[in-house]
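Please look at the structure shown below before reading on.

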Amino acid sequence: MSTLTYRFGRFQLDPAARALLRDGERVTLAPKALDCIVHLIDHRERAVGRDELIAAVWGKVDVSDGVLGQTILVARRALEDTGREQLVIRTVLRFGYQWVAQVEAVVTSAAPPLEVHAATPARAIVADSAHKRTRRRRLGAALVVVAIAGALLALALMNPRRPAAPAASVDRATPAATLVLPVEVAGDARSAWMRLGLMDLVAARLRATGHPVVPSDNVVALTRAYAQPTTNPAQLTALADAAAARVVIAARAEPLGAGWRVSLRSLRGADPPLAVHGDDGNALVAARTAADRLAMALGFAGSSGLTAPPPADIDALTQQVEAALLEERTDVAIALLDQAPAALRDQPQARFQRARAEFQRGRFDTAAALIGQVLAEVSAEADPVLRARALNARAGIALQRQHPAAAMPDLDRAIELLRDTQAWSALGTAYSNRAAAHGQQRDFGAAQADLAQARIALATAGDALGLAVVDLNAGTSALNRDRYAEAEPILASVAERFAGFHAWAAELNARGNLALARLGRLDPPAALTEAPRLRELATLVPDPERRRAAQLIVVQVLRANGQLHAASALLEAIRQQAQGAHDADALSRIAALDSQAAIESGRWLRAEQAAASVLARPPHPYDSREVARAWHTLVRARIGRSDLAAAATTLDRAQAWAQADGGTAARVLVGLAGAELAAAQGEVPAARAAFEGALEWAEEGHAPPDLLAASAAYVHWLLGMGDLARASVVAEGLATWTERDYDAAVVQLDVLQALGRKPTRPAFLDRVRELAGERQAPPDLARGPE
């Protein structure tokens with residue numbers, strides 16, 4: 001049996017045996033310290049965030065950073081490393097740790113077994129940790145599977161991919177998938193539906209053998225930019241790589257006398273190449289025959305037991321509708337259903353297809369009514385997969401409406417029904433949606449567990465697009481836990497994957513979150529690089545609400561980079577659109593932006609009105625930071641208007657909200673409001689204590705925006721009090737960001753000016769001028785270099 005060990009310096013690590021050797025002698029080491037070493041060395045190509053390390057080692061998050069720090073200290077001592085030298089484990093400031101020692105990975109056969117401890121290996125902990133993990137801190141946004149509007153989400157929630165024979169479990173090894181290309185159709189215009197309809201039918205027949213087949217929506221997205229038929233070798237290689245497919249099948253349908261011939265042939269992955277065909281008066285039957293012959297030729301297990309097809313008429317109707325929905329032609333799909341005989345369109349399969357079409361059009365009430373009829377007509381015994389998809393679809397509508405508790409029973413039942421089928425994509429979507437429901441209810445440990453299950457099911461299905469959605473959820477989860485550095489690489493990667501699929505709505509979501517992650521890292525110039533693509537994608541997405549949401553992110557990015565005129569013009573255009581469309585969500589976010597601009601320019605009444613408008617709207621569960629900013633702004637505005645009594649009353653309400661919310665941003669920003677009110681009332685000891693408390697919360701949370709807000713406010717007050725020593729120490733905590741964030745740089749300049757010093761690097765002033773953009777520069781900058 002082969003084992004993997006790691007060698008570095010005088011040490012050898014055997015993860016399977018849980019043994020660390022130094023010069024051949026076993027090192028006595030606490031299990032958690034060993035687990036930390038294993039996880040860091042397994043992921044040595046990147047920095048590992050504190051949250052990730054805690055989840056991997058402890059399987060929960062009610063472990064303080066202090067405990068983690070002590071465990072790392074024990075690990076360093078065992079490895080003859082120190083916190084000062086950091087030759088083996090490097091501390092990544094405000095993020096986590098990274099393994100930096102040179103490592104040699106060695107695979108050995110039949111190695112003598114080392115003593116095995118009873119503790120669980122770290123790898124097993126990583127796999128299982130999502131099931132145990134809980135969080136005390138808030139998760140800012142609901143998981144993205146319910147935030148992706150338009151056709152992608154509609155297909156994810158409702159795609160009726162056909163099941164096959166029961167399987168034991170979803171955690172089996174995943175073989176490479178087969179990819180069926182759109183069908184080349186030789187016929188008149190009335191046969192155009194066959195291009196995707198027969199493609200989906202052939203894929204379903206192959207999938208019925210239990211073999212993974214790339215879902216049809218993935219194929220449509222991947223081939224959208226290519227000419228048909230796709231035969232270019234480079235394109236075929238790119239398609240196969242993107243979809244993780246080994247076998248690629250081309251198909252052709254052509255008239256044959258009074259009937260049809262459907263031919264299938266392998267373009268890659270079969271040696272020797274295969275070619276089969278099916279002939280029949282009905283093109284669907286011909287395609288079924290060809291698909292079954294191909295399954296047997298490929299040696300797919302279970303191909304001899306393919307189930308009988310449904311009646312040809314309903315099958316023809318649903319395949320034609322499926323083809324239209326895959327091309328996002330909801331108008332065609334609905335016309336097909338409307339024109340069908342009542343006996344067909346009233347069947348549950350057709351009714352479910354109509355619900356999908358209505359969902360794509362955003363008509364959720366109509367879709368929900370149709371789904372209710374399907375659930376009344378289809379029992380779990382008669383068709384467990386169709387019933388599960390209907391439950392999943394109804395839950396998706398509830399999640400769109402921010403009703404996670406209503407969605408949960410449907411998702412639980414859908415997962416229960418799908419576990420004993422091979423409808424892997426449907427099962428993966430159900431797990432993803434349940435993760436979203438958990439996220440909306442702030443049960444983040446359960447959400448992570450369901451995302452892990454979704455990834456397994458979708459990988460088994462060969463559903464690369466579904467996996468990208470799961471990864472988008474993971475990146476957004478990190479973003480909304482204020483782990484911006486963790487979120488950024490995930491979101492950047494998934495945005496490129498969605499671009500490859502031409503999934504514009506999903507890419508828009510990913511790039512919007514990526515821009516927010518970069519703003520969260522206090523790196524506005526990096527966020528600005530996403531603005532052109534966000535604007536381009538907004539023109540490609542038909543949903544006007546999604547366009548406005550993306551454009552509002554662009555406004556934030558432009559403002560953060562000092563491009564005030566462009567930001568103002570764009571914001572006014574969005575405001576007019578939102579008012580005309582009665583888009584309450586966009587109007588609330590516009591009010592939040594207005595309140596920030598007004599408070600920064602000292603327009604107290606305007607800031608008060610805008611902040612009150614934000615607080616008047618019932619908040620989404622992921623708006624904690626925005627609500628906290630609104631409370632902070634409202635208190636500051638009333639202080640600015642010298643209405644300290646109103647400010648005190650507002651502060652009481654804000655503190656009650658912050659206590660109930662429990663999030664770090666809530667504690668920091670409301671704490672700052674209390675500090676600023678105490679300062680305005682001349683209560684110096686109380687103000688100092690409140691500022692210190694807010695800074696302590698910010699340092700514990702490690703979120704750069706909170707650290708900047710707490711430090712900037714405190715430094716301003718300390719300078720006014722003449723406490724230059726403490727101001728210098730607090731300002732130094734922002735040194736990491738002064739090269740890329742204007743506000744952090746200004747805090748440093750204010751302290752230097754108060755100390756009567758000049759920046760040691762002349763280039764620093766030039767950089768701050770560049771970051772300032774159109775903002776009014778501090779006096780030292782306005783005078784120019786001396």
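Is the crossing of α29 and α30 left-handed or right-handed? The crossing of these two helices is left-handed, a term used when the near helix is turned anticlockwise from the far one by less than a right angle, while right-handed means clockwise.

The model is a predicted one, in which local features need pLDDT of at least 70 and side-chain atom pairs count only at pLDDT 80 or more, whereas totals for chains, interfaces and linings use all residues. Residues are numbered from 1 along each chain as its sequence is written, and side-chain values use heavy atoms, without hydrogens and water.

**Two helix pairs**

Two packed helices are described by the angle between their axes and the distance between the axes. Helices here are DSSP runs (H or I, at least four residues) and strands likewise (E, at least two), numbered from the N terminus. Axes are lines fitted to C-alpha atoms, for helices over the stretch in contact, and angles run from 0 to 180 degrees between N-to-C directions.

| Helix pair | Angle | Axis distance |
|---|---|---|
| α29 (644–661) and α30 (664–680) | about 155 degrees | 9 Å |
| α18 and α19 (464–480) | about 160 degrees | 9 Å |

α18 is therefore roughly antiparallel to α19, and α29 and α30 are likewise roughly antiparallel to each other; the word applies to angles over 145 degrees. The crossing of α18 and α19 is also left-handed.

Contact means heavy atoms within 4.5 Å. In α29, Leu644, Leu651 and Trp657 are among the residues that meet α30, where the partners include Val670 and Leu677. The residues of this contact comprise twelve nonpolar, two polar and one charged. Nonpolar covers Ala, Val, Leu, Ile, Met, Phe, Trp, Tyr, Cys and Pro; charged covers Asp, Glu, Lys and Arg; the others, Gly among them, are polar.

Between α18 and α19, the contact involves Gln448, Arg455 and Leu458 of α18, among others, and residues of α19 including Val470 and Asp471. Its residues divide into seven nonpolar, four polar and two charged.

**Two loop residues**

Asp23 is not a glycine, yet has a positive phi of about 55 degrees. Asp23 lies in the loop between β3 (19–22) and β4 (25–26). His582 also has a positive phi, near 55 degrees, in a residue other than glycine, and His582 is located in the loop between α25 (564–581) and α26 (584–600).

Terms used
Angles under 35 degrees count as roughly parallel, over 145 as roughly antiparallel, 65 to 115 as roughly perpendicular and the rest as oblique.
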